[in-house]
Amino acid sequence: MSKTIGILTGGGDCPGLNAVIRGVVKSAIIRHGWQVIGIEDGFDGLLDLKKCRPLSLESVRGILPRGGTILGTTNRGNPFEYPVEQGGKIIRMDISDRVVENIRTLGIEALIAVGGEGSLKIAQELAKKGVPVVGVPKTIDNDLRETDFTFGYNTALETATDALDKLHTTAESHHRVMILEVMGRYAGWIALESGIAGGADVILIPEIPFEVDRICAAVTARAARGSRFSIVVVAEGAFPAGGDRVVAKGADDRYTIERLGGIGQYVARHIEKCLDMDVRVTVLGHLQRGGSPTTFDRALGSRFGTKAVQMVADGEFGRMACLKGRTITSVTIEAATSDLKLVDPAGEIVRTAEDLGIMVGR
Ligand code: F6P
């Protein structure tokens, strides 16, 4: 039976989004003969019908290796707390009824929401209002529960590891401490796994508050062993024991979430005080979100996209496609967004790092 489904991409962009969109469009049309409506700029697109357009096989041609999202995205527009100007002030209003009405006007019978924790929570709220939604887990941070991996994470890891390889040459030639600040928000996955893969000497993650003295001792011990340089990877959400996270910009009227950044410089300043070595900081930033997705993310995104369509066909609403081991399956969006999936400080990956002689800040 013919159906019309909608797809949107919400939150920060991420390599592999186009693979998901292509997977949804192709399987909806080729396997089921359905129509697909692409919604621009995340949930914002559902407030403006001009931002909703049919997606054909033609419109997804050639997008598989492309970074970003052909639909556009935003990490601001939450229809349940929408920023509206009133009397010169920004207030937050619940305008979700308009979203639900527009979904009906467009004839969308199921909505596929591709996003991280924030976007999937919005999708879950829409589900409570009777919208049939299916979620797809996206984020370079890999911090969504109930899925072994989110798509985008693998590409971000490759970028961070490549940066560490490149930083090694200057570190070694100039006998310096090179610090790489990576993304990940409150989770240390990118720092931890790229640090292991890129041969870092120190890895600092939010899950293990760090002691600056111990970092200095580790760098000094390396120098005593003849290695006159060190590589430090620091997650943007890492913070010193007894101290605070470094925030580049706090939440405001437009952004309800704080922007992290600056911990690399903090660590550099403190290391310079206790060591007689040159220290340099590189902030990898949005390079981690850009570029062509890796083979892993293209395949994972394609599998998530086709799974989401199958979930619509099976009436599996309020659920999110996920990866468990090597199998694509599904879980409730509620379980996936109940809290963040963080690194276990006593877990196997941290232990691997320590067994390799990497100092993890404690
Ligand atoms: O969640 C993805 C992410 O890239 C985080 O790692 C980072 O803290 C944040 O988004 C940056 O967001 P923005 O693009 O708004 O600066």
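I began with Ile 5, which touches Val 24, Ala 28, Trp 34, Gln 35, Val 36, Ile 37, Ile 108, Ala 110, Ile 112, Val 309 and Val 312, leaving out residues up to four places away in sequence; contact here means heavy atoms within 4.5 Å. I note that this is a predicted model, in which local features need pLDDT of at least 70 and side-chain atom pairs count only at pLDDT 80 or more, while totals for chains, interfaces and linings use all residues. Residues are numbered from 1 along each chain as its sequence is written, and side-chain values use heavy atoms, with hydrogens and water left out.

**Nonpolar cores**

I then looked up the largest nonpolar core, which has 63 residues, and found that Ile 5, Ile 7, Ile 112 and Phe 151 touch the most other members. A nonpolar core is a set of buried Ala, Val, Leu, Ile, Met, Phe, Trp, Tyr and Cys residues joined through side-chain atoms within 4.5 Å, where buried means under 20% relative accessible area, exposed over 50% and partly exposed in between, with a 1.4 Å probe and protein chains only. Helix 4 (residues 153–174) gives the most to this core, with eight residues; helices (H or I, at least four residues) and strands (E, at least two) are DSSP runs numbered from the N terminus. Domain 1 (4–151 + 293–336) and domain 2 (154–289) both give residues to this core, so it lies between them; the domain bounds come from an automatic or database domain assignment.

**The loop between strand 7 and helix 4**

I checked the backbone of Asn 142, in the loop between strand 7 (133–137) and helix 4, and its phi is near 55°, a positive value in a residue other than glycine. Asn 142 is buried, at a relative accessible area of 2%. Glu 146 is placed in the loop between strand 7 and helix 4, with phi near 70°, also positive in a residue other than glycine, but Glu 146 is partly exposed at 31%.

**Aromatic pairs**

My search of the whole structure for aromatic pairs gave three; rings of Phe, Tyr and Trp (its six-membered ring) pair if their centres lie within 6.5 Å, and planes under 30 degrees apart count as stacked, over 60 as edge-to-face and the rest as tilted. Tyr 153 is buried at 1% relative accessible area, whereas Phe 149 is partly exposed at 28%. Phe 149 and Phe 296 have ring centres 5.8 Å apart and planes at 85°, so this pair is edge-to-face. That pair links distant parts of the chain, with Phe 149 in the loop between strand 7 and helix 4 and Phe 296 in helix 8 (residues 295–313), 147 residues apart.

**Charged side chains**

I found 17 salt bridges in the structure, a salt bridge being a side-chain nitrogen of Lys or Arg within 4 Å of a carboxyl oxygen of Asp or Glu. Glu 40 forms one with Arg 53, the closest N and O atoms being 3.0 Å apart. I also noted that Asp 278 and Arg 280 meet in a salt bridge at 3.9 Å, N to O, and that Arg 176, Asp 278 and Arg 280 are linked in a network of salt bridges.
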